[in-house]
Amino acid sequence: MLEVKFTPQIVKHCQDVRSELERFSKNFKIDLKFVWFEILDIQTLIDEQNTGFKVAGVEDLKRLDNEIFYNKEKIKFKQVYDIRIIPKKENINIALRISPFGDKVALCLYDGCNLIDNEVFYKEFITYIETLLVYEGIFIRRKDFYKDLIKSHIKKIIDEKIAFPYEFVILKSEQYHPHQEAYYDFLPQMEWERENKKIDNAFYAVNKGEEILKYFKSKKSKSGRNLYGEYILATQISLTDDETLPKYNPQEVDVLKFKDEVLFQSKLDAYVKVKDNEILFFTQNEFRDVDALNTPPLLGGYSKGIELHITATDSTKDAINSGVILEASKINIIGNIGPNVKLHASELVIDGHTHQDTEIIATKANIGVHKGNLVAQEVNIKSLESGFVQAENLVIDNCLGGSVLSKDAKIAKIASNNKITVSHRLYIGNIEGSDNVITLSSLAYTKTKDIIENLVKKKDFLIGSAKKVYAKYHKILSVVKKNKEIIDGIGALNEAVKKRMMQDKKVTDIYDRHDKMTKELRILKQELLDYQHFVQNTIHKLTQVDEEVTNAQIYCDDSWGENTKIIYQREFPKKEIRSLEVTKDYKGGYKIDRETKEIVQI
């Protein structure tokens with residue numbers, strides 16, 4: 001993001017931050033998208049007896065955490081802010097989604113939002129979220145609640161590698177809620193779309209006893225205070241529910257009725273969808289000649305124990321035609337795969353060819369001829385033909401112009417123009433062709449690559465934070481130096497003049513500011529030393545992780561082929577590439593010398 005520089009401006013007792021930023025933007029002719037603010041102080045004001053607002057004391061602020069006190073109708077609340085208007089430096093790719101009635105606030109995280117599991121990051125991240133809340137006019141209270149909630153979700157996203165966009169509620173009115181029309185959540189779809197983009201007309205896998213749908217009955221509104229601090233009186237509206245309950249087949253669905261909701265549970269292991277307010281099941285698991293017309297997208301089945309068996313009616317037809325999307329625990333295919341097919345399975349067997357536009361994710365995969373894209377843990381391929389494979393353990397009979405990323409790989413025959421990258425072991429039977437490139441890199445192994453990416457994010461964040469602290473340190477240091485010159489000058493005067501000058505409030509203010517700033521400098525200096533330690537420690541960890549590839553080895557039982565090149569790609573502490581042209585008739589293997597970092601014969 002382009003940064004526009006201007007002199008920061010402090011605004012005291014601001015009641016509407018959004019309007020204040022708009023006014024600043026207009027007055028100084030600076031586009032609003034380049035203007036942001038820091039919160040210096042928040043003052044809460046209370047009017048309990050309709051006698052006027054007064055600043056809340058320590059005890060008043062404690063009472064604000066009490067829902068009964070906060071939701072008293074006759075009490076009025078408002079907040080004013082001391083802010084510093086500053087240039088907006090970057091887009092963190094997060095946003096708030098506030099419900100129309102102001103009773104809920106959700107935090108939305110989008111692609112490009114870099115999350116790090118450490119306290120320094122949490123402090124900056126939550127501080128930024130608080131500026132978003134203030135910008136929207138949300139009444140700030142019960143900070144510890146949403147701080148802990150945000151931390152727990154960030155840890156979950158990092159630990160479980162949850163994809164963006166990701167959304168969760170951080171604030172909710174405890175007492176007030178608006179009138180609510182009856183609605184339902186289709187749970188399997190919601191779960192799937194938390195990590196994936198929406199796909200139209202899809203069915204979603206469920207197991208017997210699993211909740212399909214949660215129906216929320218209509219509710220009358222309840223008086224109370226919304227998240228803006230406003231007291232809202234309840235409105236009276238008649239409620240209707242039974243007419244809008246989804247239709248279902250009692251042979252397929254169990255229904256559990258409660259006071260405020262109705263739960264619909266599956267009686268089957270199958271795929272399900274909701275269409276025109278009716279719960280529909282897809283139970284077929286054996287197919288012939290699958291296409292997008294006779295088989296809808298079947299999603300989420302890879303962890304549900306569901307098996308799909310697909311066969312081509314004859315060798316001239318594809319077993320799966322263009323555009324089909326299937327997810328199941330086991331997928332067994334006899335026949336070829338057409339273009340733009342997506343498969344996701346725990347166990348996958350394809351007795352045939354994949355198309356170059358096929359996309360496959362699996363835990364274990366066994367494929368005849370692979371030409372598409374495959375990401376899996378355990379892979380066995382008879383013939384890799386211009387396809388891409390990323391795996392932990394990989395066995396290939398014939399490799400013809402393919403691209404491979406793997407921790408460990410065993411390849412019987414290699415033709416020409418293959419790109420093979422490993423991080424631990426590569427066993428080759430024979431290289432029959434020419435112009436093959438074999439690379440040793442820590443990034444070939446997915447788990448190591450994820451560790452490196454997270455450490456790099458952490459390093460970049462720490463360096464960015466350290467730069468901010470240094471800028472603040474440097475700014476205060478320049479003021480301290482000027483004040484010290486004045487103080488040294490006063491100290492050189494005779495006692496009578498010095499005593500007279502110390503009666504001047506401006507002079508005593510200089511001394512006070514000098515003392516405060518000197519203390520702040522010591523704190524900032526320690527922060528900088530801490531950041532330096534954290535950055536060095538992170539770089540050390542990156543180097544250690546990258547060093548693991550120096551244990552890698554390559555073996556070949558027969559010929560190394562013509563123009564075969566071995567490359568060692570080092571990432572840390574600095575990027576380096578070493579290469580070696582292999583001797584065709586050499587019988588043996590290669591490794592990396594841990595001392596010289598050169599590729600040497602075993």
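Helices here are DSSP runs of at least four residues, numbered from the N terminus. The close-ups below all come from a predicted model.

**View 1. Two phenylalanines in helix α1.** Let's start with Phe 24 and Phe 28, which both sit in helix α1 (residues 17-28), 4 residues apart, or about one turn of the helix. By the ring-pair rule the count comes to 21 aromatic pairs. In this one, the ring centres are 4.6 Å apart and the planes meet at 35°, so the pair is tilted. Phe 24 has 4% relative accessibility and counts as buried, while Phe 28, at 47%, counts as partly exposed.

**View 2. Tyr 70 and its neighbours.** Here Tyr 70 and Phe 139 form a tilted aromatic pair, with 5.8 Å from centre to centre and 40° between the planes. Tyr 70 belongs to helix α3 (residues 67-70) and Phe 139 to the loop between α4 and α5 (143-160), so the pair ties together parts 69 residues apart in sequence. Both Tyr 70 and Phe 139 are buried. Look also for Arg 141, which lies over the face of Tyr 70 at 3.8 Å from the ring centre.

**View 3. The largest pocket.** This pocket has a volume of about 2200 Å³. Its lining comprises 50 residues, with Glu 38, Ile 86, Lys 89, Glu 124 and Lys 468 nearest the centre. Helix α7 gives the most to the lining, 13 residues. By type, the lining residues divide into 24 nonpolar, 7 polar and 19 charged. Domain 1 (9-172) and domain 3 (424-601) both contribute to the lining, so the pocket lies between them.

Notes:
Residues numbered from 1 in each chain as written. Predicted model: local features only at pLDDT ≥ 70, side-chain atom pairs only at ≥ 80, totals over all residues. Heavy atoms only, no water. 1 Å grid on protein atoms, 1.4 Å probe; cavity = no way out; pocket = protein on both sides within 12 Å on 5 of 7 lines; lining within 4 Å. Points joined across faces, edges and corners; volume = space filled by probe spheres on them. Nonpolar A, V, L, I, M, F, W, Y, C, P; charged D, E, K, R; others polar. Domains from an automatic or database assignment. Phe/Tyr/Trp six-rings, centres within 6.5 Å; stacked < 30°, edge-to-face > 60°. Buried < 20%, exposed > 50% of the residue type's maximum accessible area, 1.4 Å probe, protein only. Lys NZ or Arg CZ within 6 Å of the ring centre and 35° of its normal.
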